[in-house]
Amino acid sequence: MLEDHGTKVLKFFLNVSKKAQEERLIERIEMEEKHWKHKDGDWDTRAKFDQYMKVYEKILNRCNDIPDSCSGRQELAEALRRCHRSA
């Protein structure tokens with residue numbers, strides 16, 4: 001359906017390294033102008049950084065099977081079902 005109108009769907013995943021994330025969290029504590037960004041829960045989330053990265057990699061690799069020729073709603077729905085089953 002989207003392809004019928006010339007739309008291409010692109011998948012992007014932007015992230016920062018574990019080290020950069022730590023630096024940013026420390027800045028939020030040390031720099032007054034960034035205090036508003038600080039949440040104590042961010043440190044709990046950071047403790048799971050490696051787990052999150054494994055899951056993101058798994059999802060991005062498994063959900064990449066929608067064929068370029070997929071122009072019908074039924075084909076897209078089936079591709080999405082396969083993606084969800086394998087995640």
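These legends walk you through a few close-up views of a predicted model.

View 1. Welcome to helix α3, which covers residues 49-62. Look here for Y52 and Y56, which are four residues apart, about one turn of the helix. How exposed is Y52? With a relative accessible area of 34%, Y52 counts as partly exposed. Y56 is also partly exposed, and its relative accessible area is 34%.

**View 2. The rings of Y52 and Y56 form a stacked pair.** The count of aromatic pairs comes to one. The ring centres of Y52 and Y56 lie 6.3 Å apart and the ring planes are at 20 degrees, so this pair is stacked. The cut-offs behind that label are centres within 6.5 Å and planes under 30 degrees apart.

**View 3. K34 lies in a loop between two helices.** Now move to the loop between α1 (18-30) and α2 (41-46), where you will find K34. K34 is partly exposed, with a relative accessible area of 24%. For a sense of place, find R24 as well: K34 and R24 are ten residues apart in sequence, and their C-alpha atoms are 9.4 Å apart in space.

**View 4. K34 meets E27 and R28.** Which residues does K34 touch, leaving aside those up to four places away in sequence? They are E27 and R28. With E27 there is a polar contact too: the side chain of K34 pairs with the side chain of E27 at 2.9 Å.

Technical notes: Residues numbered from 1 in each chain as written. Predicted model: local features only at pLDDT ≥ 70, side-chain atom pairs only at ≥ 80, totals over all residues. Heavy atoms only, no water. Phe/Tyr/Trp six-rings, centres within 6.5 Å; stacked < 30°, edge-to-face > 60°. Buried < 20%, exposed > 50% of the residue type's maximum accessible area, 1.4 Å probe, protein only. Contact = heavy atoms within 4.5 Å. Polar contact = N/O pair within 3.5 Å; in protein donor to acceptor, adjacent residues only side chain to side chain.
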